[in-house]
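Subject: Structure handover

Dear colleague,

Here is the structure that I promised to pass on to you. Please open it beside this message, and then read the notes below.

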Amino acid sequence: MKQKLINKNSYVKVCENCANGRLSADKDRVLCVRCGIMRLDSTCRDYKYDPLKRRPKRPKKIEKFSEDEFRL
């Protein structure tokens, strides 16, 4: 069985990721087609997830190791 690319539990419902809204010019609010002006962290019952609007978390920096740590 195929695994889905995006699990419903892997993201948080926020207007910032909704297909019905878009960011305002000052990037402080979301302009929603259904509900009007909304905060970034709010949500409504017309929420529809858009995976292309999600901003992934930055990967952690890799620590630098010395050669002594890999010697047997």
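How many disulfides does the structure hold? The structure holds 0 disulfides, a disulfide being a pair of cysteine sulfur atoms within 2.5 Å. The sulfur of C35 has its closest cysteine sulfur in C44, at 3.5 Å, which is too far for a bond. C35 itself is partly exposed, with a relative accessible area of 36%, where buried means under 20%, exposed means over 50% and partly exposed lies in between (1.4 Å probe, protein chains only).

Before you go further, please keep in mind that this is a predicted model, in which local features need pLDDT of at least 70 and side-chain atom pairs count only at pLDDT 80 or more, while totals for chains, interfaces and linings use all residues. Residues are numbered from 1 along each chain as its sequence is written, and side-chain values use heavy atoms, with hydrogens and water left out.

As for the overall fold, the protein has 0 helices and 3 strands, counted as DSSP runs (H or I, at least four residues, for helices; E, at least two, for strands) and numbered from the N terminus. Of the 72 residues in the protein, 22% are buried.

A search of the whole structure also finds 1 aromatic pair. The ring centres of F65 and F70 are 6.0 Å apart and their planes are at 80°, so the pair is edge-to-face; rings of Phe, Tyr and Trp (its six-membered ring) pair if their centres lie within 6.5 Å, and planes under 30 degrees apart count as stacked, over 60 as edge-to-face and the rest as tilted. F65 is exposed at 53% relative accessibility, and F70 is exposed at 61%.
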